[in-house]
Amino acid sequence: MSEVHVMDHPLIQHKISYIRREDVGTKEFREVISEIASLMCYEATRDLKLQDVTIKTPICEMVGKELTGKKLAVVPILRAGLGMVDGMLSLIPAAKVGHIGLYRDPETLEPVEYYCKLPADCSEREVFVVDPMLATGGSSAAAIQMLKDKGVKHIRFMCILAAPEGVKKMQEAHPDVDMYIGALDDHLNDHGYIVPGLGDAGDRIFGTK
């Protein structure tokens, strides 16, 4: 079964509480989403492998550490996932970026694919799929399945808010994908929104209603 990491870092908790407020405007919301993504990226990359490397400082030679193994990729689920990309790239600027476009059918609440563009070597990378909200889990599970169908084997999922229903769906669909969650909320309402949540993340990031 996949591991579920719910972030307990005080800065992450503080910033999530801030963006939940309905009076936070688009500019601030977008900026803080990016900051949260950076902090979560820092936590989610804690177990990346290191190797020894000989370097020369202005004083002498020494053996330091550098990342080894698979290179990284960030794949946001459009459109709200875009809000997390810059924050992650600020820490891992060499990562490549792919995009998966899904929308949720308002009648069935099932995900419908409309776009998929990935780095050519995505199957050889450690891929972080990002979306601010894990609600029903349908879109995230579908996006990860799309990646697996294209040969991607090493996938992690990162979201800022999650509902228990979405976590359960993801664990059932993809027991091999670890999840990194900013805050685990209470439940979904009848419209498929996370409660207490923060509303529609895409609308709040891009200023649309």
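A residue is called buried here when its relative accessible area is under 20%, and exposed when that value is over 50%. The views below come from a predicted model, in which the protein chain has an average pLDDT of 93 and 100% of the residues score at least 70.

View 1. In helix H1, which spans residues 10-20, the buried residues are Ile12, Lys15, Ile16 and Ile19. An α-helix has 3.6 residues a turn, so residues three or four places apart point the same way.

**View 2. The largest nonpolar core contains 37 residues.** Within this core, the residues that touch the most other members are Ile36, Met88, Met158, Ile160 and Leu161. At least two residues of the core come from each of H1, H2, strand E4 (72-78), helix H3 (82-89), strand E8 (126-130), E10, E11 and H6, and the largest share, eight residues, is supplied by H2. When residues up to four places away in sequence are not counted, the contacts of Leu161 include Ile16, Pro132, Leu134, Ala183, Ile194 and Leu198. Another core, of 25 residues, lies apart from this one and has Ala73, Ala143, Leu147 and Val167 among its members.

**View 3. Strand E11 pairs with both E1 and E10.** Five of the seven residues of E11 are buried, so this strand is largely enclosed by the rest of the structure. Strand E1 (residues 4-6) runs parallel to E11 and is joined to it by three bridges, while E10 and E11 pair, also in the parallel sense, over six bridges. Which residue of E11 stands opposite Val6? The residue is Ile181, and Cys159 likewise stands opposite Ile181 in E11. A right-handed β-α-β unit is made by E10, helix H5 (residues 164-173) and E11. Confidence in the protein chain is highest in E11, at a mean of 97, and lowest in strand E6 (residues 99-104), at 86.

**View 4. Strands E2 and E3 are joined by a hairpin.** The hairpin between E2 and E3 passes through four residues. Is E2 enclosed or in the open? Of its seven residues the number buried is zero, so E2 lies largely in the open.

**View 5. Cis peptide bonds occur at Leu78 to Arg79 and at Val195 to Pro196.** The bond that joins Leu78 and Arg79 has an omega of about 5 degrees, and Arg79 is placed in the loop between E4 and H3. From Val195 to Pro196 the peptide bond is also cis, with omega near 5 degrees, and Pro196 is found in the loop between strand E13 (194-195) and H6.

Note on methods: Residues numbered from 1 in each chain as written. Predicted model: local features only at pLDDT ≥ 70, side-chain atom pairs only at ≥ 80, totals over all residues. Heavy atoms only, no water. Buried < 20%, exposed > 50% of the residue type's maximum accessible area, 1.4 Å probe, protein only. Pairing = 2+ DSSP bridges. pLDDT = per-residue confidence, 0-100. Core = buried A, V, L, I, M, F, W, Y, C linked by side-chain atoms within 4.5 Å. Contact = heavy atoms within 4.5 Å. Right-handed = clockwise from strand over helix to strand, strands pointing away.
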